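Trainee: Could we go through this model together, one point at a time, with the criteria spelled out as we go?

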Amino acid sequence: MAIGSRFPQVLQAAADGLEWAWAELYQEYAPPLLRFLRSQGAADPEDLLGDCFVQIVTHLGEFAGDEAGFRSWTFTIARSRLVDSWRRAGRRPVTPVADPTLVGRPAQHHTDAADAQLLQAGDVAEILAVLTPDQRAVVSLRFVDRFSLSETAEILGRSEGSVKLLQHRAIRALRRALG
Amino acid sequence: MGDDNTDFDRLLAGDIGADDPKLSQVAAFLDRVQTTQELPGVAELEAAHIARVRASLPVLGTPRTQHRERPAGRTRRLLVGLAVGLVASLSAGAGVAAAFGVNPIEAITNLPGFPAQLRPGGADPKNPNEAGTPTSIPQPTGVPSADHPGDGKGQTARPTQAGGPNPSASNKGRGQDKAHPTPKASKASDKAKSGDDSPRATGKPSADPTKKDKSDKDKD
């Protein structure tokens with residue numbers, strides 16, 4: 001679900017300040033950005049998403065590249081806003097848990113499909129909590145959003161070697177947690 | 001580490017065999033991660049966020065080239081920064097000089113190579129006594145200083161005060177308040193000290209000295 005061959009025209013229209021272009025960019029890139037922000041334990045992911053788009057508007061003139069590059073660039077901005085929010089709050093990210101009240105519910109509720117899905121999300125979040133924020137970001141960016149190693153390194157502001165090390169440690173931690 | 005990164009590539013490719021049950025568990029978990037982290041809906045957020053986008057881009061709808069006036073802004077910021085820096089450095093320098101008990105202007109003018117004509121009063125710093133202008137603060141001469149009741153200054157000031165202030169046309173001979181001598185009285189006494197007793201030198205309308213004496217007598 002990408003904009004495709006129309007991307008250069010949409011980007012130019014957005015740079016010219018046309019609202020339809022911004023709406024199209026928002027509908028394309030806001031959902032994955034919001035998912036990423038939520039998965040990283042942002043305290044207020046919806047507000048951060050708005051901040052991300054303000055940053056995109058402000059710095060759009062500095063961007064040059066294709067659609068894949070733009071997608072990677074928006075995630076770089078999201079990651080930057082996320083780290084800033086952690087610094088402002090003066091603490092590390094919260095552990096992303098879907099709904100703490102649902103974790104450990106009685107077994108009879110497992111018959112409901114929606115509850116089962118939420119429980120699964122809670123379990124996943126609990127296991128992901130064994131990872132450090134950077135390891136969690138690597139897992140999310142590589143497995144969920146399917147970024148390449150170099151793109152992930154660019155988004156995290158690290159070298160590819162550093163990302164490989166994070167991958168290695170993440171897999172080792174997951175092996176331990178699941179074993 | 002190399003093995004784990006190979007595992008990572010296999011996990012990404014979905015190429016997990018039955019040879020490594022733990023890795024199969026990790027692969028199953030990552031599948032669950034993907035399924036649980038579905039793309040969220042943003043329809044309810046879109047209007048508010050697009051409004052923020054619009055507010056962040058005040059020239060929305062205008063061509064991109066119109067908001068590229070950064071060099072002028074940069075130049076202005078640079079000039080303002082330079083001015084602020086200059087004022088700050090001068091203030092700091094003056095503060096340091098004052099802290100060391102040095103008159104910063106004097107220190108600057110005493111620097112070797114500083115033009116003599118630009119020095120205050122054109123005086124030679126090596127012979128400050130020959131200064132063209134007096135450097136000491138004039139003392140009010142109306143009342144003898146309590147600290148120096150009988151010094152020369154009090155003596156020189158007395159005739160002026162005794163003679164009364166120079167009667168001008170405006171005050172018609174009314175003397176000035178003796179309890180609060182004004183700088184005018186000081187000037188008059190300075191003139192008396194320097195021996196220039198011509199009325200013109202005071203910058204006031206000429207007055208007959210005899211009249212002055214007379215008014216003083218009347219006053220007395």
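Trainee: Leaving aside neighbours within four places in sequence, which residues is B:Val102 in contact with?
Mentor: This is a predicted model, in which local features need pLDDT of at least 70, side-chain atom pairs count only at pLDDT 80 or more, and totals for chains, interfaces and linings use all residues. Side-chain values use heavy atoms, without hydrogens and water, residues are numbered from 1 along each chain as its sequence is written, and chains are lettered from A and ligands numbered from 1 in the order in which they are written. B:Val102 lies in the loop between α4 and α5 (104-109) of chain B, helices being DSSP runs of H or I with at least four residues, numbered from the N terminus. With contact taken as heavy atoms within 4.5 Å, the residues in question are B:Ala97 and B:Ala107.

Trainee: Is B:Val102 buried, partly exposed or exposed?
Mentor: Buried means under 20% relative accessible area, exposed over 50%, and partly exposed in between, with a 1.4 Å probe and protein chains only. Because the relative accessible area of B:Val102 is 37%, this residue counts as partly exposed.

Trainee: Which residues make the nonpolar surface patch of about 330 Å²?
Mentor: Patch members have over 30% relative accessible area and no salt bridge, with nonpolar side chains (Val, Leu, Ile, Met, Phe, Trp, Tyr) joined within 5 Å and like charges within 9 Å. B:Leu79, found in helix α4 (residues 70-99) of chain B, counts as exposed because its relative accessibility is 53%. The patch is made by B:Leu78, B:Leu79 and B:Leu82.

Trainee: How much area do chain B and chain A bury between them?
Mentor: The size of an interface is often given as the accessible area lost when the parts come together, and here that loss, with a 1.4 Å probe, is summed over both parts. The contact takes 52 residues from chain A and 42 from chain B. Carbon and sulfur atoms hold 63% of the buried area, which comes to about 4,500 Å².

Trainee: Which residue forms a salt bridge with A:Glu19?
Mentor: A salt bridge is a side-chain nitrogen of Lys or Arg within 4 Å of a carboxyl oxygen of Asp or Glu, and the count between the two chains is three. For A:Glu19 the closest N and O atoms are 2.5 Å apart, and the partner is B:Arg54.

Trainee: Why are the buried residues of helix α7 (residues 149-156) of chain A on the same side of α7(A)?
Mentor: The buried residues are A:Leu149, A:Thr152, A:Ala153, A:Ile155 and A:Leu156. The arc is that of the directions from the helix axis to the C-beta atoms. These residues are on the same side of α7(A) because they cover an arc of only 165 degrees.

Trainee: What percentage of the residues in chain A and in chain B count as buried?
Mentor: Chain A has eight helices and zero strands, and chain B likewise has eight helices and zero strands. Of the 179 residues in chain A the buried share is 53%, and of the 220 residues of chain B it is 20%.

Technical notes: Helices (H or I, at least four residues) and strands (E, at least two) are DSSP runs, numbered from the N terminus. Accessible areas come from the Shrake-Rupley method with a 1.4 Å probe; for residues, only the protein chains shown count as cover. Buried area is the accessible area (1.4 Å probe) that two parts lose on being put together, summed over both.
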